[in-house]
Amino acid sequence: MSHLAAKKAPIQRLNQVPGAALQMQRELLWYKEVESIMPSVNDLYQNKKYEKSRILFTEEHRDLVKDGATWMKDTATQCMVVATLITTIMFAAVFTVPGANKDNSDHTGTGEPNNNYVQGKFPLVFVISNILALCSSVASMLMFLAIITSRYAEEDFLSTLPRMLMLGLLFLFVSIVGMMIAFVTAILFMLHYDVRRWASFPIIFLASVPVTIYALVELPLFIQLMFTTSSSDVFGKKNLNHHA
């Protein structure tokens with residue numbers, strides 16, 4: 001029974017899960033689910049080729065491990081580029097005060113903002129969103145860097161790699177949201193909030209477009225990662241019979 005579970009699933013079964021890394025995770029979860037209901041002495045049994053079930057599992061999934069490592073590296077690299085760009089933008093924005101104007105009579109002529117204006121009206125949400133976006137983007141970069149430099153062993157696909165990818169995507173989403181909030185706040189601040197309420201809606205709507213696109217594209221993958229990594233009951237009885 002453990003040797004049957006160690007065999008690679010049919011391609012139509014694997015294609016139900018997006019990404020080679022998550023397919024490898026599902027295969028590991030299935031093998032361990034079957035292994036958990038069997039006596040430990042069965043681990044010593046060999047098939048006709050004198051192979052234990054664990055050795056058979058490694059041989060059957062060698063190509064899937066390579067494909068999963070490639071998929072993880074490509075995904076992490078692409079996301080890391082986005083996180084790096086956000087980090088660069090938000091780091092510069094932290095030291096930039098919206099609304100600075102050399103033509104203001106209260107300025108020194110050097111482009112420095114009016115202290116009374118900054119201290120009295122500088123929105124706290126701009127500072128918070130900048131810090132949130134900067135810290136989140138740096139955290140996502142570290143998560144993706146850890147994925148790229150991982151050893152990609154079989155057991156890493158079970159929880160370590162999926163959890164790091166899930167956290168990286170979450171931090172990246174938070175950084176995008178923080179960047180868009182800072183963008184809207186800066187635009188309204190530079191206008192000194194001298195804008196009609198109806199005119200602020202298009203700005204907010206345009207800022208929500210990137211957030212919405214990211215959520216629609218990455219949400220299915222994030223849900224899959226969260227379900228398979230956090231849930232202890234991935235396979236129900238019906239799924240066990242179907243997989244078999």
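Is Arg 151 buried or exposed? At 66% relative accessibility, Arg 151 is exposed, where exposed stands for over 50% relative accessible area, buried for under 20% and partly exposed for values in between, with a 1.4 Å probe and protein chains only.

The model is predicted, so that local features require pLDDT of at least 70 and side-chain atom pairs pLDDT 80 or more, whereas totals for chains, interfaces and linings use all residues. Residues are numbered from 1 along each chain as its sequence is written, and side-chain values rest on heavy atoms, with hydrogens and water left out.

**View 1. The chain as a whole has 10 helices and zero strands.** Helices (H or I, at least four residues) and strands (E, at least two) are DSSP runs numbered from the N terminus. Of the 244 residues, 41% count as buried. Among contacts (heavy atoms within 4.5 Å) with a separation of 6 or more, 80% are between residues 24 or more positions apart.

**View 2. Two salt bridges are counted in the model.** The term stands for a side-chain nitrogen of Lys or Arg within 4 Å of a carboxyl oxygen of Asp or Glu. In one of them, Glu 155 and Lys 32 meet at 3.7 Å, N to O; this pair links distant parts of the chain, with Glu 155 in the loop between helix 7 (124–148) and helix 8 (160–190) and Lys 32 in helix 3 (residues 20–36), 123 residues apart. Glu 155 is partly exposed at 33% relative accessible area, and Lys 32 is also partly exposed, at 28%. Arg 151 and Asp 156 form a salt bridge at 3.2 Å, N to O, in which Arg 151 is exposed while Asp 156 is buried, with a relative accessible area of 9%.

**View 3. Ser 136 lies in helix 7.** Its relative accessible area is 6%, and Ser 136 is therefore counted as buried. Beyond its neighbours within four places in sequence, Ser 136 is in contact with Phe 171, Val 174 and Ser 175.

**View 4. Helix 9 (residues 197–230) holds Val 209 and Gln 224.** Val 209, partly exposed at 32% relative accessibility, belongs to a nonpolar surface patch of about 620 Å² that is made by Phe 205, Leu 206, Val 209, Ile 213, Leu 216 and Val 217. Patches take residues with over 30% relative accessible area and no salt bridge, joining like charges within 9 Å and nonpolar side chains (Val, Leu, Ile, Met, Phe, Trp, Tyr) within 5 Å. Gln 224, by contrast, is buried at 17% and touches Val 17, Pro 18, Leu 22 and Arg 26, residues up to four places away in sequence not being counted.

Key
Areas by Shrake-Rupley, 256 points an atom, 1.4 Å probe, with all protein chains shown as cover.
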